[in-house]
Amino acid sequence: MKKEEYEELLLLSTYGELNAEEQVKLEKYAKSHPEIKAELERIQEFQKLVKGNISIQVSDSLVEESRKELRQMLRSERNKKTFVTRSAEQFVQFFQGPLKLAFGGTGVLAVGIVVGYFVFHSAQNENGFAFQSIKNSNNSRDQSSQITNIKFIDGDASDGIVEFEFETVTPMHLKGKIDNPEVQKILTYALLNESNDGIRLRTVNAIAQQAEQGHFADSSVKQALIRSLKEDENPGVRGKALRALQQYRFDDELRDALLYVLAKDKNSGMRIAAINALETARIDGNKFDDTVAQKLKQQIENEKNNYIRNRAVNFVKEIYQ
Amino acid sequence: MSPTDLELIEQSKAGNFTAFEQLIYRYDKDVLTIASRFTQSSDDAKDIYQDVFLRVYRALPKFEGRSEFSTWLYKITTNVCLTYRSRKKKMMAVPLYDDQNELTIDPPSEKNEDNHTEDFEVSSKIRQAMNLLSPKQKLVFTLRHFQDLKLKDIAVMMDCAEGTVKKYLFEATQKMRTHLKDLSV
């Protein structure tokens, strides 16, 4: 066996990656070459050294930060592709194919007719070759639907037929009580995914108002509120989410969310609101244990705002009293 | 009972974004860990994380469930890791080893101050050695040595033969040992 071959087998053996045949081969070789033991020890020493000195920790805050950025990116991903940009993309893609010269002209004609249809809503489409599938789809489409994300399945119009795939967006109107599952679904969606700050603000306001009147949404909405409190980029929305959550029964989940805000929120107003909420919860008779005190002590060390630091110091004192 | 991956995939395909998040949050820490260990930089790891899940989001409607979701996801992760480095290399001429941008190294807590310095030096040398590896060697070494993944699984993720993966691991180890010979390995 060549030196390199046994060295590779030796390395694989340290990872438990040898198959039966390789194992036998290596054992046989080791019997006649006792120096192999020293080499094995050197490999193990190397592995230990690397593992022991490269201890890369993925912290919870890195995970949270990454998730927050991802959510924002996916939100804009969903919103950025408008009808116009998507159609333009399809249009460009269509003309970049290998048959661009042969079918380009036909494609222009087909696309022109389709665009003309949407622009003018012409009724003269009974005989138009491009409208057959659109017309069929149209039967099941509400008149107020918008068409988006058109994709050519078959853009070759030489046989007289083109085929598309597209999505329709239909405006809906929904009126219902806060405990209606459909309403809650929409509220949760709006809180977590709506890119417009004003809509998120109105959503969280609506939940807060209802909660103040004793109408509570289910736990999925509460989860969405907690996420908004921790992650929404708009401090107004975070503030309203906190106000809404204060109407809910104080529990460990809410306590942890408030401690998170106190530790992580860059807006001092939010941190003050968080410590106020914790204080209110304490006055209401909720107990705080040593874990909370430890977290607050850590917060005291990192907090640059004197007022918040003093409030945290007093809060810790209250816990130990 | 919590929904299966397949159930969450179906819900995600139907436009349920919460289901999509629930699905990816089952695996995203692993993706971030692989990326962090591969790049040794939290910023680069975050970039890879975003890229991976953006690709997953875009491609999920076409995912047919022929393999496990996790296998598919890790395949995407390895692809992004490998192309990330080459893209970075192509785009900017920056030193491979960037002190400003690196992840925190946790020194072993029981050692004294002198040992901390020594450990930091050792860590730096190991990082430098890792940066001498080709992207594939580095990825295989990272996945096998730090993530404890089996070579046959790594081969599936990287879409290559197990023998090729073994070769990368061996070459990576040899290169690193040569570079770290001052440390008596």
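**Figure 1. Chain B is built from helices.** From the N terminus on, the elements of chain B follow the order α-α-α-α-α-α-α-α-α. The model shown is predicted. Chain B has 9 helices and 0 strands. Of its 185 residues, 33% are buried. Among the contacts in chain B with a separation of 6 or more, 64% are between residues 24 or more positions apart.

**Figure 2. Chain A has helices and strands.** The secondary structure of chain A consists of 15 helices and 2 strands. Chain A has 321 residues, and 23% of them count as buried. For contacts in chain A between residues at least 6 apart in sequence, the share that joins residues at least 24 apart is 56%.

**Figure 3. The largest nonpolar core and the surroundings of B:C81.** The largest nonpolar core holds 49 residues. The residues with the most contacts inside this core are B:A35, B:I48, B:Y49, B:C81, B:V140 and B:L169. With neighbours within four places in sequence left aside, B:C81 is in contact with B:I34, B:A35, B:F38, B:I48 and B:L139. Another core, of 32 residues, lies apart from the largest one, and A:V204, A:L245, A:L259 and A:L278 are among its members.

**Figure 4. The contact between chain A and chain B.** Chain B brings 33 residues to the contact and chain A brings 28 residues. On the side of chain B that touches chain A, at least two residues each come from helix 2 (17-24), helix 3 (28-39), helix 4 (42-59), helix 6 (113-131), helix 7 (135-146) and helix 9 (162-179) of chain B. Helix 4 of chain B gives the most to this side, with 7 residues. By type, the residues on the side of chain B that touches chain A are 15 nonpolar, 9 polar and 9 charged.

**Figure 5. Helix 10 of chain A.** Helix 10 of chain A covers residues 219-231, which is 13 residues. From first C-alpha to last, helix 10 reaches 18 Å, close to the 18 Å expected at 1.5 Å a residue. Its buried residues are A:V221, A:K222, A:A224, A:L225, A:I226, A:S228, A:L229 and A:E231.

**Figure 6. B:L73 in helix 5 of chain B.** B:L73 belongs to helix 5 (residues 69-91) of chain B. B:L73 counts as buried because 24 other C-beta atoms lie within 10 Å, and the cut-off for buried is 20 or more. Not counting residues up to four places away in sequence, B:L73 touches B:Y27 and B:V56. B:F53 is 20 residues from B:L73 in sequence, and the two are 8.6 Å apart in space, C-alpha to C-alpha.

Figure 7. Most residues other than glycine have a negative phi. With 25 other C-beta atoms within 10 Å, B:Q40 is buried. B:D159 is found in the loop between helix 8 (151-158) and helix 9 of chain B. Is B:D159 buried or exposed? B:D159 has 9 other C-beta atoms within 10 Å, so it is exposed, the cut-off for exposed being 12 or fewer.

Terms used: Residues are numbered from 1 along each chain as its sequence is written. Chains are lettered from A and ligands numbered from 1 in the order in which they are written. This is a predicted model: local features need pLDDT of at least 70, side-chain atom pairs count only at pLDDT 80 or more; totals for chains, interfaces and linings use all residues. A nonpolar core is a set of buried Ala, Val, Leu, Ile, Met, Phe, Trp, Tyr and Cys residues joined through C-beta atoms within 7 Å. Two residues are in contact if their C-beta atoms, placed from the backbone, lie within 7 Å. Helices (H or I, at least four residues) and strands (E, at least two) are DSSP runs, numbered from the N terminus. Ala, Val, Leu, Ile, Met, Phe, Trp, Tyr, Cys and Pro count as nonpolar, Asp, Glu, Lys and Arg as charged, and the others, Gly among them, as polar. The expected span of a helix is 1.5 Å times one less than its number of residues.
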